[in-house]
Amino acid sequence: MLQQPMLEKLQALKLQGMIEGLEQQEQDATARDLSFLDRLALLVDRQWTWRQNQVLARRLQASRLKGSACVENIDYRAERGLNRSVLRALAQDSTWVKNHEHIFVLGPTGVGKSFVASALAQKACRDGYAVYYTRTAVLFRDLNLARADGSLRQLLRRLNRIDVLVIDDWAMAPMAESERRDFWEIAEDRYQTRSMILTSQLPVSRWHEQIGDPTLADAILDRLVHNAHRIEMRGESMRKQQGDKKA
């Protein structure tokens, strides 16, 4: 039985992992045969793991990633043009984030672009990077609201502190003047300092016309396309295929 005063002190120190480790050792007869230093090492490892899991949980919650996408669950069986070796290389230690590179996930609706993007972003979270997910329409809405209440600069600074900004449904519609100027600010702030994942139904060759203003389009794309990995997906909608199977 753990001594109550010691337990209370561990709780006050917020050493929950060590508490759990002590309780486990109390129930494990073989632990009594270990030396003091060996038992202490196990407790320190338990506390370290607990703390890392807590940090990861907070990072994932702040990311606003949808669902439970992870690279281990990417389905390569469907003919979607996914290259297993390319995705594994990107997921390995998320080096693309360290190198301040971008990822474009391109393809028709329903093929799983958002899942692949979220899976790579979730792996970046697990590798210690701050991630934030948003849809393009929501991003521009938030920027417009921030402009209206005078907090635009603060919002742009918060976005710039994020290691990986995931923007879903990019270039779905022609941009308004304020939208392309705001996105130029984002692209400029993140150039060679932070990473982005963009998903889009349109090929990169169509992005220029969607941005609209030729000068700003050139400036934005110049900061994006030369340092980006492209994942080009194809095939029928996965939602349609799942619906057909149920029918």
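**Figure 1. Asp75 and its salt-bridge partner Arg77 in the predicted model.** Asp75 is partly exposed, its relative accessible area being 24%. The closest N and O atoms of Asp75 and Arg77 lie 3.0 Å apart, and the two residues form a salt bridge. Side chains of opposite charge can pair when their charged atoms come close.

**Figure 2. The salt bridge between Glu185 and Arg153.** In this view, the closest N and O atoms of Glu185 and Arg153 are separated by 3.9 Å. This distance meets the criterion because a salt bridge requires the nitrogen and the carboxyl oxygen to be within 4 Å. The rule gives a count of 11 salt bridges.

**Figure 3. The interface of domain 1 and domain 2.** The chain is divided into domain 1, residues 2–62, and domain 2, residues 66–245. To their contact, domain 1 contributes 4 residues and domain 2 contributes 8 residues. The centres of the two domains, taken over C-alpha atoms, are 39 Å apart. About 410 Å² is buried between domain 1 and domain 2, with 67% of this area on carbon and sulfur atoms. The side of domain 1 that touches domain 2 comprises 3 nonpolar residues, 1 charged residue and no polar residues. Between the domains there are 0 salt bridges, whereas 1 residue pair is in polar contact across the interface, both residues having pLDDT of 80 or more.

**Figure 4. Residues 243–247 and the confidence of the prediction.** The chain has a mean pLDDT of 90, and 95% of its residues reach 70 or more. Where pLDDT is low, the predicted coordinates should not be read in detail.

Methods. Residues are numbered from 1 along each chain as its sequence is written. Side-chain values use heavy atoms; hydrogens and water are left out. Domain bounds come from an automatic or database domain assignment. Contact means heavy atoms within 4.5 Å. Buried area is the accessible area (1.4 Å probe) that two parts lose on being put together, summed over both. A salt bridge is a side-chain nitrogen of Lys or Arg within 4 Å of a carboxyl oxygen of Asp or Glu. A polar contact is a pair of N or O atoms within 3.5 Å; within protein, one must be able to donate a hydrogen and the other to accept it, and residues adjacent in sequence count only if both atoms are side-chain atoms. Ala, Val, Leu, Ile, Met, Phe, Trp, Tyr, Cys and Pro count as nonpolar, Asp, Glu, Lys and Arg as charged, and the others, Gly among them, as polar. pLDDT is the predictor's confidence in each residue, from 0 to 100. Buried means under 20% relative accessible area, exposed over 50%, partly exposed in between (1.4 Å probe, protein chains only).
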